Amino acid sequence: MTQPEHQRLLIIDFGSQVTQLIARRLRELNVFSEILPFNKVTDETLREMAPQAVILSGGPASVTETGSPRAPQALFDMGVPVLGICYGQQTMMEQLGGKVESGHHREFGRAYVEPAEGHGKDGIFSGLFDSGREEVWMSHGDRVTRLAPGFAVIGTSPNAPYAIVGDAERQFYAVQFHPEVHHTPNGKRLLENFVRLAGFTGDWTMGAYRDEAIRKIREQVGDEKVICGLSGGVDSSVAAVLIHEAIGDQLTCVFVDHGLLRQGEAEEVVSMFRDTYNIPLIHADESELFLSALEGVSDPEVKRKTIGKLFIDVFQKHAAAVGGAKFLAQGTLYPDVIESVSFAGGPSVTIKSHHNVGGLPEKMGLKLVEPLRELFKDEVRALGRELGLPEKFIGRHPFPGPGLAIRCPGEITREKLEILRRADAVYIDQIRRHGLYDEIWQAFVAILPVRTVGVMGDGRTYDFACALRAVTSVDGMTADYYPFSHAFLGETATRIINEVKGINRVTYDITSKPPGTIEWE
């Protein structure tokens with residue numbers, strides 16, 4: 001294992017859906033971190049990685065159950081600072097001689113932690129408890145009932161008497177709540193205090209990530225050729241430019257027009273890459289192949305897997321055409337991964353397949369290069385700026401690889417896709433006209449699998465209904481609907497109905513994530 005030049009923090013993943021948010025907070029502090037599932041961390045792994053500190057994540061299991069996950073016992077003899085979060089706190093206490101029990105008051109949601117008597121505002125407390133207590137986010141069914149030897153209570157809440165505990169001599173700390181989520185307002189400060197106590201100087205930047213990614217790409221690829229699946233979105237574009245910087249003309253981009261693109265999408269993407277970057281580009285019009293295969297398909301998982309398989313078929317065909325490429329590059333991001341499978345093979349729960357993750361056949365004949373796999377969308381944009389991509393392209397809203405297929409619930413038809421393209425173009429034009437585009441994370445129209453009765457002029461209509469979707473988000477893992485004014489929604493609905501033949505009813509989706517996802521399928 002090649003050691004990076006920067007300091008490294010290891011996050012041991014016990015299956016929490018928000019483990020990657022720990023890494024995200026650390027990156028904001030310019031601390032490099034690597035996530036590994038608990039069952040992949042051995043004594044040898046710890047020796048090879050030689051982390052400067054370790055964080056134990058939350059998770060869905062109970063330490064009271066036989067065979068539940070544990071941290072390597074050798075971790076606690078390494079002499080490095082350790083922070084346990086939620087389940088991480090519980091397994092730390094259990095492994096070091098404390099006690100955890102079930103059957104106490106379950107706690108999910110907002111809570112308030114107060115400092116224990118005798119603890120000041122230095123060390124892990126620095127900058128906290130200025131108002132006397134801290135708002136935190138709890139999510140636990142078990143709780144610690146006896147501390148391990150050497151630990152003291154640092155903070156308490158009404159339902160978690162050991163909300164914050166620590167052994168200052170060994171620099172072991174543990175919290176029952178989740179400091180990594182936005183619902184713990186000063187959680188980032190607590191993490192900052194921990195990494196400062198661990199001696200981190202904040203030597204990791206997006207420039208450092210770029211250099212490390214380029215090194216890894218060169219190590220993985222060697223002298224082989226690579227094709228990159230270019231979807232036209234920010235992710236695949238940044239991946240393409242990064243990989244081209246690493247291996248030059250060994251890379252050929254394949255832009256697949258699957259017939260599920262937005263209005264004018266193909267022309268815009270092809271023009272940018274051919275005019276701005278000297279990267280070989282194949283424009284593959286495969287719309288008939290995809291649309292024929294999707295005819296009559298209504299199940300969203302079947303759609304995604306069908307599209308994923310066809311993408312690979314197309315890439316394999318063009319890999320042969322460019323002289324036997326051995327690698328397929330994709331713009332897969334971490335939110336794609338965590339919703340499809342647990343990060344790095346850990347124990348978290350599958351939400352849905354993604355065309356470039358869960359939809360990949362097991363034996364595809366090409367090895368994957370996914371240099372953005374550990375990044376969130378805003379980090380990809382920062383990397384894009386580091387690579388010099390045009391700002392107007394970096395700032396584009398996310399567009400999924402399966403394209404309009406997942407914005408067309410129910411059966412896909414060419415008629416519905418054309419109606420959807422026109423409606424989406426009007427909607428985005430409205431958002432731009434009102435100066436709202438950059439305030440919104442993602443906006444799109446979904447055409448609904450129902451027809452409704454309407455009146456236009458003196459005649460009866462029986463056309464499709466559509467739903468407008470616009471969300472704000474920081475990282476794509478959670479999202480809130482954008483609070484458009486009624487005047488904007490009314491004006492937009494009028495334009496869509498007047499300008500798009502085939503739609504006679506417009507609705508606005510006000511579902512947050514969770515419980516919904518951003519896309520409809």
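**Helix H5 against helix H6, and the overall fold**

Helix H5 crosses helix H6 in a right-handed sense. The contact draws on Arg210, Ala213, Ile214, Ile217, Arg218 and Val221 from H5, and on Leu242, Ile243, Glu245, Ala246 and Ile247 from H6. The model is a predicted one. In the protein there are 14 helices and 20 strands.

**The H5–H6 pair**

- H5 covers residues 206-221 and H6 covers residues 234-247.
- Their axes come within 9 Å, and the crossing angle is roughly 65 degrees.
- Eight of the residues in the contact of H5 with H6 are nonpolar and three are charged, while no polar residue takes part.
- Arg210 and Arg218 are among the residues that H5 brings to the contact, and Glu245 is among those from H6.

**Overall dimensions**

- The C-alpha trace spans about 75 × 60 × 40 Å along the principal axes of the protein.

**Burial and surface**

- Of the 521 residues in the protein, 58% are buried.

**Contacts along the sequence**

- Taking the contacts in the protein between residues at least 6 apart in sequence, 75% join residues at least 24 apart.

Conventions. Residues numbered from 1 in each chain as written. Predicted model: local features only at pLDDT ≥ 70, side-chain atom pairs only at ≥ 80, totals over all residues. Heavy atoms only, no water. Axes fitted to C-alpha atoms, helices over the stretch in contact; angles between N-to-C directions. Helix = DSSP H or I, 4+ residues; strand = E, 2+ residues; numbered from the N terminus. Left-handed = near helix turned anticlockwise from the far one by under 90°. Contact = heavy atoms within 4.5 Å. Nonpolar A, V, L, I, M, F, W, Y, C, P; charged D, E, K, R; others polar. Buried < 20%, exposed > 50% of the residue type's maximum accessible area, 1.4 Å probe, protein only.
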